[in-house]
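Hi,

Here is the structure I said I would pass on. Have a look at it first, and then read on for what turned up.

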Amino acid sequence: MQKDLLWINIFNIAVIATNIVYGGILDSFSWARSDKLEVNIPWLPFENESRCYDELGCINITRSWYHLINRPFNVFPLPRSVINTRFILYTKLNPTEGQLLRAQDEKTIKKSKFDPKKKTKFIIHGFIDTPLSNWVGDMRDELLKVEDMNVIVVDWAGGSLPLYTQATANTRLVGLELAYFINYLVKNYGLEPGNVHLIGHSLGAHTAGYAGSMIAGLGRITGLDPAEPYFQGMPENVRLDPSDAEFVDVIHTDGKGIFFLGYGMSQPCGHLDFYPNNGKEQPGCDITQSPLVPLTLIR
């Protein structure tokens, strides 16, 4: 009897703590949990919990999204207005002055330098990152040096800066936004999906995978150190995988494992996976040679 009361008390404490974190002080608007759940205990998966986002479609959280070790917590994305996903176009005619494109405002596309006959490459940043990062600008510039193309930077900084658990959830909504935008260009402007290339870093790599799974005939995805936590060891629908595009190539450079401060996946997740210097650590990036800060902040 005493044991039963002890377990009941432990359970009640867990419920109260969970409500405080996921439905109370840290989430006063209940963004991080399903409307149907009175109690959201993240290690007890619920079936067919979903939220829909207007023209974008719906997001479901089912048992396939849970794993006791690899992915014990699952929440819903923040609202669209908070993440505020934006698409910023650069071409050789406007290499440094970006043009904001919106599927909901056709004038932004018609008046822009966007040319559906040219190759289109999307750059998607990752966790604790923004389009203002040096590497995003460098990659944009180098791509435009090689060829006159549409380079579109995906800005989801409103969703990449919260705690990691929330940021991973936000990638699913960003994937919906990206897929809808590309499919809109395909349908209304004749963009050839085979000429579209998504380049994603960290969480951005898995975001590209989510989008690619909803775009028929997408040409290519390049994953740059796809994030390990909450993705490695999970089913293909949860992470980047070869079915997300006609060709998926992945570069692993930070795959030591999260317990050794390596943030990238070591697990193969593309048609071709490259592992420079064994894919675990690169010269000059050893933790003894750099400050103890997230690697996404180190150039």
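This is a predicted model: local features need pLDDT of at least 70, side-chain atom pairs count only at pLDDT 80 or more; totals for chains, interfaces and linings use all residues.

Asp148 has a partner. Its side chain meets that of Lys118 in a salt bridge, with N and O 2.6 Å apart. The two sit in distant parts of the chain, 30 residues apart: Lys118 is in the loop between helix 3 (106-110) and strand 5 (120-124), and Asp148 is in the loop between helix 4 (134-146) and strand 6 (150-155). Lys118 is partly exposed too, with a relative accessible area of 27%.

That pair is one of a set, as searching the whole structure gives nine salt bridges. Another joins Arg80 to Glu55, where the closest N and O atoms are 3.3 Å apart. Arg80 belongs to helix 2 (residues 80-83) and Glu55 to the loop between strand 1 (49-52) and strand 2 (58-61), so this bridge ties together parts that lie 25 residues apart in sequence. Both ends are partly exposed: Arg80 has a relative accessibility of 21%, and Glu55 has 37%. They also belong to a network of salt bridges that links Asp54, Glu55, Arg80 and Glu177.

Lys145 and Glu142 are both in helix 4, three residues apart, which is about one turn of the helix. Their side chains form a salt bridge with an N to O distance of 3.1 Å. Lys145 is exposed at 59% relative accessible area, while Glu142 is partly exposed at 43%.

Helix 7 (residues 203-212) comes within 8 Å of helix 6 (residues 164-189), axis to axis, and the two cross at roughly 40°. At that angle they are therefore oblique to each other, and the crossing is right-handed. On the helix 6 side the contact is made by Tyr164, Ala167, Thr168, Thr171, Arg172, Val174, Gly175, Leu178 and Ala179, and on the helix 7 side by Leu203, Thr207, Tyr210 and Ala211. Sorted by type, these residues are eight nonpolar, four polar and one charged.

How many of the ten residues of helix 7 are buried? Ten of the ten are, so helix 7 is largely enclosed by the rest of the structure. Its buried residues include His206 and Tyr210. Besides helix 6, they pack against strand 5, strand 7 (196-201) and strand 8 (220-224).

Leu176 is buried, with a relative accessible area of 7%. Which residues does Leu176 touch, leaving aside its neighbours within four places in sequence? The contacts are Tyr53, Leu56, Gly57, Cys58, Ile59 and Met214. Ile59 is 117 residues away from Leu176 along the chain, yet their C-alpha atoms are separated by 8.8 Å.

Cheers

Key: Residues are numbered from 1 along each chain as its sequence is written. Side-chain values use heavy atoms; hydrogens and water are left out. Helices (H or I, at least four residues) and strands (E, at least two) are DSSP runs, numbered from the N terminus. Buried means under 20% relative accessible area, exposed over 50%, partly exposed in between (1.4 Å probe, protein chains only). Contact means heavy atoms within 4.5 Å. Axes are lines fitted to C-alpha atoms, for helices over the stretch in contact, and angles run from 0 to 180 degrees between N-to-C directions. Angles under 35 degrees count as roughly parallel, over 145 as roughly antiparallel, 65 to 115 as roughly perpendicular and the rest as oblique. A crossing is left-handed if the near helix is turned anticlockwise from the far one by less than a right angle, and right-handed if clockwise. Ala, Val, Leu, Ile, Met, Phe, Trp, Tyr, Cys and Pro count as nonpolar, Asp, Glu, Lys and Arg as charged, and the others, Gly among them, as polar. A salt bridge is a side-chain nitrogen of Lys or Arg within 4 Å of a carboxyl oxygen of Asp or Glu.
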